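Welcome, and please open your viewer. We will go from one selection to the next and say what is there.

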Amino acid sequence: MGRPYLGEFEELVLLAVAVLDGSAYGVSIAAELKHRTDRSISLSGIHIALYRLEEKGFVSSTLGGATTARGGRRKRLFAITAAGKETLRDMRQIRNELWDAIPTPSWS
């Protein structure tokens, strides 16, 4: 079996989880991606991507403490796993190799 496939949005969400380093949850990921990409991101899209990433073993989640600000509800916090880090490194290497393979005259 080949490498697990990541779509562009899944890759962005996984990168945001890595950047947020232990404090990643739906709203914080949406804010990070909005800040970095200037794209409006739907919260439901982020949650779908997070659950897919968790199924693939690229992130893990835990429930944080309940707060009165959240009406007693708990946040689901996401963290990148070793497999997620390895996948990001692989994707970065593939992208860099492709960028390096572009013939210079094609940019003229």
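**Stop one: helix H1**

Select H1 and colour Glu10, Glu11, Val13, Leu14, Ala16, Val17 and Leu20, which are buried (under 20% relative accessible area, with a 1.4 Å probe and protein chains only). Helices here are DSSP runs of H or I with at least four residues, and strands are runs of E with at least two, numbered from the N terminus. This is a predicted model, where local features need pLDDT of at least 70, side-chain atom pairs count only at pLDDT 80 or more, and totals for chains, interfaces and linings use all residues. Residues are numbered from 1 along each chain as its sequence is written, and side-chain values use heavy atoms, leaving out hydrogens and water.

Step just past H1 to find Asp21, with a positive phi of about 40 degrees.

**Stop two: the core**

Now show the largest nonpolar core, a group of 21 residues. Such a core is a set of buried Ala, Val, Leu, Ile, Met, Phe, Trp, Tyr and Cys residues joined through side-chain atoms within 4.5 Å. Val13, Leu14, Val17, Ile29, Leu50 and Leu53 have the most contacts inside it. H1, H2 (26–37), H3 (43–55), strand E2 (74–80) and H4 (82–101) each give two or more residues to this core, and H1 gives the most, with 5.

**Stop three: helix H3**

Select Gly45, Ile46, Ala49, Leu50 and Leu53, the buried residues of H3. They lie on the same side of H3, because they cover an arc of only 135 degrees around the axis (taken from the directions from the helix axis to the C-beta atoms).

Note on methods. Buried means under 20% relative accessible area, exposed over 50%, partly exposed in between (1.4 Å probe, protein chains only).
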